[in-house]
Amino acid sequence: MSKLLNETKVLLTNVRLSYPHIFEPYAFEGQSEKYSASLIISKDDKESLAIIKEAISGAMEVGESKLKGKSKKAIRIPLRDGDTDRAEDPAYENSFFINANSTRAPQVVALYADPKTKKPVFLDEEDVYPGCYVNVTINFFAYNTSGNVGIGAGLGNIQKYDDGERFGSATSAESDFEFDDLPESSIDDDDVFPDFLS
């Protein structure tokens with residue numbers, strides 16, 4: 001269940017992860033390296049959207065001095081409409097999205113703690129991929145940089161919530177091929193797996 005953690009920080013639950021650069025920082029053209037992700041929120045998730053809007057309003061109040069008295073309509077906000085801003089991408093259909101980033105690496109963890117230690121289980125790129133569902137913390141903040149005034153979204157930590165259909169064209173060998181059992185015969189391992197393949 002999504003919730004407002006303080007006036008500018010939210011916990012979003014069960015949102016879809018897209019374009020993740022969460023294990024290694026990435027530099028978009030002309031920018032410094034950052035960790036980032038695009039977070040897709042269904043338009044049917046009214047609760048999460050209301051919480052996001054409340055936190056954005058909170059960031060406007062906290063950062064009022066940076067916004068230079070601009071009207072709310074003139075301030076750039078990070079909540080964008082997928083049906084217009086990503087119309088060519090079916091993953092963003094009937095959704096809003098937020099592009100969040102941070103100079104600090106997010107902690108990326110599993111839904112359940114280690115039963116022995118009771119501590120978080122950390123995940124890697126095999127577990128957390130474009131198209132899976134995550135819980136994520138975001139902190140909204142006001143900015144005024146080079147004449148651009150608006151509200152930014154700081155990427156917090158990420159918890160995998162569930163699997164989903166992977167975005168993009170990359171597939172695994174397991175899904176591409178059928179595999180036969182190795183026949184029991186007189187063929188030794190050196191014949192099946194020659195040295196140059198080892």
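View A. Tyr19 sits in strand β2, strands being DSSP runs of E with at least two residues, numbered from the N terminus. Its phi is near 45°, a positive value in a residue other than glycine. Asn14 belongs to strand β2 too, which covers residues 9–26, and here phi is near 55°, again positive in a residue that isn't glycine. For context, most residues other than glycine have a negative phi. Asn14 is partly exposed at a relative accessible area of 39%; buried means under 20%, exposed over 50%, and partly exposed in between, with a 1.4 Å probe and protein chains only.

A note on the model: it is a predicted one, where local features need pLDDT of at least 70, side-chain atom pairs count only at pLDDT 80 or more, and totals for chains, interfaces and linings use all residues. Residues are numbered from 1 along each chain as its sequence is written, and side-chain values use heavy atoms, leaving out hydrogens and water.

View B. Three aromatic pairs turn up in a search of the whole structure. One of them joins Tyr92 and Phe97 edge-to-face, at 5.0 Å centre to centre and 80° between the planes. (To pair, ring centres of Phe, Tyr or Trp, the last by its six-membered ring, lie within 6.5 Å; planes under 30 degrees apart are stacked, over 60 edge-to-face, the rest tilted.) Tyr92 is buried, at 0% relative accessible area, and Phe97 is buried with 0% as well. Arg86 lies over the face of Tyr92, 5.6 Å from the ring centre; the cut-offs for a charge over a ring are NZ of Lys or CZ of Arg within 6 Å of the ring centre and within 35 degrees of the ring normal.

**View D. Lys43 over Phe96.** Here the charged end of Lys43 sits over the ring of Phe96, 5.1 Å from the ring centre.

**View E. Tyr161 in a nonpolar surface patch.** Tyr161 lies in strand β8, residues 148–162, and is partly exposed, at 38% relative accessibility. Together with Leu111 and Tyr112, Tyr161 makes up a nonpolar patch on the surface, with about 330 Å² of accessible area in total. Accessible areas come from the Shrake-Rupley method with a 1.4 Å probe, and for residues only the protein chains shown count as cover. Patch residues have over 30% relative accessible area and no salt bridge; nonpolar side chains (Val, Leu, Ile, Met, Phe, Trp, Tyr) are joined within 5 Å, like charges within 9 Å. A salt bridge puts a side-chain nitrogen of Lys or Arg within 4 Å of a carboxyl oxygen of Asp or Glu.

Conventions:
Helices (H or I, at least four residues) and strands (E, at least two) are DSSP runs, numbered from the N terminus.
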